[in-house]
Amino acid sequence: TVHHLTLHPEEVSVVKLDEKEYSDARWFPMEEVLRGEFHPALKQAIRDLRAKRAFEALEKAVGSGASAASSIADADRTVAHLARELVQQVSASRTSGPTHAIFCAEGRRYEVSCADGNFDGK
């Protein structure tokens, strides 16, 4: 289960964090988190959220059918595109077993492995 909260720009601007506790706090784009040195659980949550959003988009398109498109062919192309997006996001989100993550203080980075060795931690 992924819990998330969407903030609109006017809501973001009024978020106040305790400066003593969060002196370096800032907002990060999802792509930056996925490419950066962030905790593996946070990265996994982003991948899961993307897969969830892809499913919701596909579900909406299938439900609306040709009524939202100019033709059945347009609707089918949209559904096919969204289905490919869903498969891509689910594949990116999948791990094949229990994941182990440790913080390597010497290298200042997370080292992630999967029980069967098929997870690269990206």
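This is a predicted model: local features need pLDDT of at least 70, side-chain atom pairs count only at pLDDT 80 or more; totals for chains, interfaces and linings use all residues.
Accessible areas come from the Shrake-Rupley method with a 1.4 Å probe, and for residues only the protein chains shown count as cover. On that basis, the accessible surface of this chain comes to about 9300 Å², and carbon and sulfur atoms hold 55% of that surface.

Residues are numbered from 1 along each chain as its sequence is written, and side-chain values use heavy atoms, with hydrogens and water left out.

Let me begin with the overall picture. The chain has four helices and two strands; here helices (H or I, at least four residues) and strands (E, at least two) are DSSP runs, numbered from the N terminus. Read from the N terminus, the order of elements is α-α-α-α-β-β. Of the 122 residues, 18% count as buried, where buried means under 20% relative accessible area, exposed over 50%, and partly exposed in between, with a 1.4 Å probe and protein chains only. Contact, meaning heavy atoms within 4.5 Å, also deserves a figure: among contacts with a separation of 6 or more, 40% join residues 24 or more positions apart.

I turn now to the helix pair α3 and α4. How do the axes of helix α3 and helix α4 cross? Helix α3 covers residues 40-64 and helix α4 residues 72-93; their axes come within 8 Å and cross at roughly 160°. That makes α3 roughly antiparallel to α4. For reference, axes are lines fitted to C-alpha atoms, for helices over the stretch in contact, and angles run from 0 to 180 degrees between N-to-C directions. Angles under 35 degrees count as roughly parallel, over 145 as roughly antiparallel, 65 to 115 as roughly perpendicular and the rest as oblique.

Which residues meet between these helices? On the α3 side they include Arg 47, Ala 51, Ala 54, Phe 55 and Leu 58, and on the α4 side Leu 82, Glu 85, Leu 86 and Gln 89 are among them. The residues of this contact divide into 13 nonpolar, four polar and four charged. In that count, Ala, Val, Leu, Ile, Met, Phe, Trp, Tyr, Cys and Pro are nonpolar, Asp, Glu, Lys and Arg are charged, and the others, Gly among them, are polar.

Ala 54 counts as buried because its relative accessibility is 7%. Setting aside residues up to four places away in sequence, Ala 54 touches Glu 85, Leu 86 and Gln 89. Glu 85 is 31 residues from Ala 54 in sequence, yet their C-alpha atoms are 6.4 Å apart.

Ser 64 also belongs to helix α3. Ser 64 is partly exposed, at a relative accessible area of 28%, and its C-alpha is 8.7 Å from that of Ala 75, eleven residues away in sequence.

Val 112, in strand β2 (residues 109-114), is buried at 18% relative accessible area. Finally, Phe 28 sits in the loop between α1 (9-12) and α2 (30-35). Phe 28 is partly exposed at 33%, and, leaving aside neighbours within four places in sequence, Phe 28 is in contact with Val 33 and Phe 38.
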